[in-house]
Each structure stands twice: as C-alpha cells, then as structure tokens.
Amino acid sequence: MRKAPKLSSAERSELQILHNKGYSARKIAHVLGRSPNTIGEELKRNSYKVGSRTPPSKQGSYDALYAKQKAYVRRKYAKYQGKKIQDNDELRSFIILKLTEHWNPDEIAGYLKQNAHLGRYASKTAIYEWLRSAWGQQYCPLLYSKRYNRKPRRKSKTDRVMIPNRTSITERPGAALDRVETGHCEFDSVLSSKHSSTYALAVLQERTSRLVRARLVPNLKPAPYATTVIALAHGLKTRTMTTDNGIENRHHADITKKTGTPVFFTDPYSSYQKGGVENANKMLRRYFPKGTDFSTVSQTDVVHALTRINNKPRKILGYKSSVEVAKEKGVILDRVS
C-alpha cells in the first residue's frame, strides 16, 4: 500500500483553524480529505505539550508553525542513526572488524548489548541504516546478501522425488518441533554449479544447538550420500533426522540401520519444514556461493567455514555460539571432526 504524503504547510494552517473552531479530528479529516488517524496523530504528536515549560495559554493547543518545526526536527534526528556510528571511531572500527569476520548486524548488536562494559552500542537497525548511508555503503559487500535492501521472497519451484518406504514428517515425535529436546537433526545437500562436477556438500544440523556439520561427497548417488550422512551423525546425540524427497535419500534405511535413528521426510515443496538446515545452507553459501564447483574445494576449506559458523554468537541462542550450546546440552558425544 502506498504511503500517504506528509501534511503540507497549507493543510496544517487549515487544521489549526478548524481545530480552534472545535471541529473533531474526524470532521477535520473529512474536510482535508485525509484519514482520521493521520489528523489524530498530527494533533497528538505536534501540539503543545501540557507541562510546566509550556505557557498555560498554549498548553494542549495546536499551532501550524510550531507543528511544522516539531515535525522537521523529528525527521532530522530520525536520519541521525548512521551519523552516530560514523562519528564514533571505536564503534565504527569494531563494526567493520566484525563484518569482515562474517558477523551480521544483529549478532554485532547482540554482542555489544551483552558486553555493556565495552562502553559502546549500536542497534542492528542503526548498523543497517549506517550501511545504507553514504558512509557505510562501501561495507555492504561484507554482508551475506551483499545487498542494500532485502531480497523479496520467492516460492521454491524445486521438484521433489517420492522415496520408497518413506515416513512422513507428520509422524515425527512432537518433541522435535519446539527445539527443546536435543538430538533432532535435519540434513540436506548443497550442489555444485550446473555443467561442472558431480561433487556436492552434505550438510547436517542439530535443531536445538544449531550445530552444523558438513562433508564433501563425490556425487549424489544414494549409497555414497547415505555413507556421508552416517559419518556426519557420528559422535552426535541423534533421536530423529529429517530431510527432503531428493533421490539421493533413497537409501535412508541404511542411515537408520547404522545410526539407530529414524529418518522422516518433509512434504513435497515444503522446504520450510526443515528450515534449520536450509538456513545452515544459506550460511555456507557465503563461503561457497552459487556457481561453486565443489571438486575444487577441500575438506579443510569446509572445516574453516564451519568453524566460523559454529563459533559466532547467535541471537536465537541468546548470543551464545552453537558449539557452546551443544557442549552445555550434551549434543556432542565426542570431539567434532
């Protein structure tokens, strides 16, 4: 919906006249062709306040010139967010440093709030405003999206392949939904670019701690892919696993046999039902963007990316890292490989 333009000086003058005559906000709105909410908000925000600093004769009254000045000052300082960071060298340097370490603005703001002794703070909104200003534009490529504005969401058009003997996600234990009970995992694959190699990345995420594991796989044939998923689950507490209907998951019975963990499948065209691993894929794409040929990537490169992802503070975890939460909750049964 298109936002209505701001009140003009002429409209404010007419509003003052009608208000002094005792017209209600609804009647004034009808005369000016405006929404009653717009007029009510204007009178509420830009009238003289009732208080000791306001002359008794003006308290609660509306004056067009005074209202225009108040609106101007409010708009002026609403645009000051970016300048707050720009004028603070220590704060600006800290934000830039963490952006280069692949922290997002929310994680930076959360860390600063949790560590008030540092003596500096900027909200995630302020950081985004600074990045979108003339001062911070040059650092936008450090964001995962590398964009100045949010990318609109689009529905997935990925085709799904039905799996023999699959168990629907509707039969998965209810405890897996609220992410309180540990051991409920999701797994998926990240593919190489089209017309390159058959190499891919098998990714597994534990839902409570958001701990991510990933390994290179030479192809998505069901047998080697199942073997890789079994390796990813080794050393983790696992109660259930959830995945999609890709043909690479045909040997899901082997995973259950080796790990003792039942595998459940999302509904077709419903990637949101395994949103945890989808988000993990998104974070990995920062290091291996679309078009990457995984045959040119080493497992050392993958481990380097996982180290950064699993050790940075996450808002959803109270600004703890996935490794910290996994250790606290006993998700990791042995040393992570």
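Mentor: The charged end of K98 lies over the ring of W103, 4.6 Å from the ring centre. A charge is taken to sit over a ring when NZ of Lys or CZ of Arg is within 6 Å of the ring centre and within 35 degrees of the ring normal. This is a predicted model, in which local features need pLDDT of at least 70 and side-chain atom pairs pLDDT 80 or more, while totals for chains, interfaces and linings use all residues. Residues are numbered from 1 along each chain as its sequence is written, and side-chain values use heavy atoms, leaving out hydrogens and water.

W103 also belongs to a cluster with F94 and Y111, linked by ring pairs. Rings of Phe, Tyr and Trp (its six-membered ring) pair if their centres lie within 6.5 Å; planes under 30 degrees apart are stacked, over 60 edge-to-face, and the rest tilted. By this rule there are six aromatic pairs. One of them is the stacked pair of Y48 and Y66, 3.9 Å centre to centre with 10° between the planes. Y48 is in the loop between α3 (36–46) and α4 (64–78) and Y66 is in helix α4, 18 residues apart. Helices (H or I, at least four residues) and strands (E, at least two) are DSSP runs, numbered from the N terminus. Y48 is buried at 16% relative accessible area, whereas Y66 is partly exposed at 26%. Buried means under 20% relative accessible area, exposed over 50%, and partly exposed in between (1.4 Å probe, protein chains only). W130 and Y139 are also stacked, at 5.5 Å and 20°; W130 is buried, with 0% relative accessibility.

Next comes the sheet. Five strands form an open, mixed sheet in the order β3-β2-β1-β4-β5. Strands pair if DSSP finds at least two bridges between them. β3 (212–217) and β5 are at the edges with a single partner strand each, so one side of each has no neighbour in the sheet. On average, neighbouring strands are turned by 25° against each other, direction ignored.

E186 stands opposite Q205 in β2 and opposite T242 in β4. α9 packs on the sheet, touching β1, β2, β3 and β4, and makes about 150° with the direction of β3. Axes are lines fitted to C-alpha atoms, for helices over the stretch in contact, with angles from 0 to 180 degrees between N-to-C directions. Contact means heavy atoms within 4.5 Å. Helix α11 (residues 275–285) lies across β1, β2 and β3, at about 40° to β1. Seven of the eight residues of β1 are buried, so β1 is largely enclosed by the rest of the structure.

That leads to the core. A nonpolar core is a set of buried Ala, Val, Leu, Ile, Met, Phe, Trp, Tyr and Cys residues joined through side-chain atoms within 4.5 Å. The largest has 21 residues, and F187, L204, Y225, V229, M241, I255 and V263 touch the most other members. Elements giving two or more residues to this core include β1 (184–191), β2 (200–206) and α9 (222–233); α9 gives the most, five residues. Leaving out residues up to four places away in sequence, M241 touches residues including C185, F187, L204 and V263. Another core, apart from this one, has 18 residues, among them V190, L201, M283 and I309.
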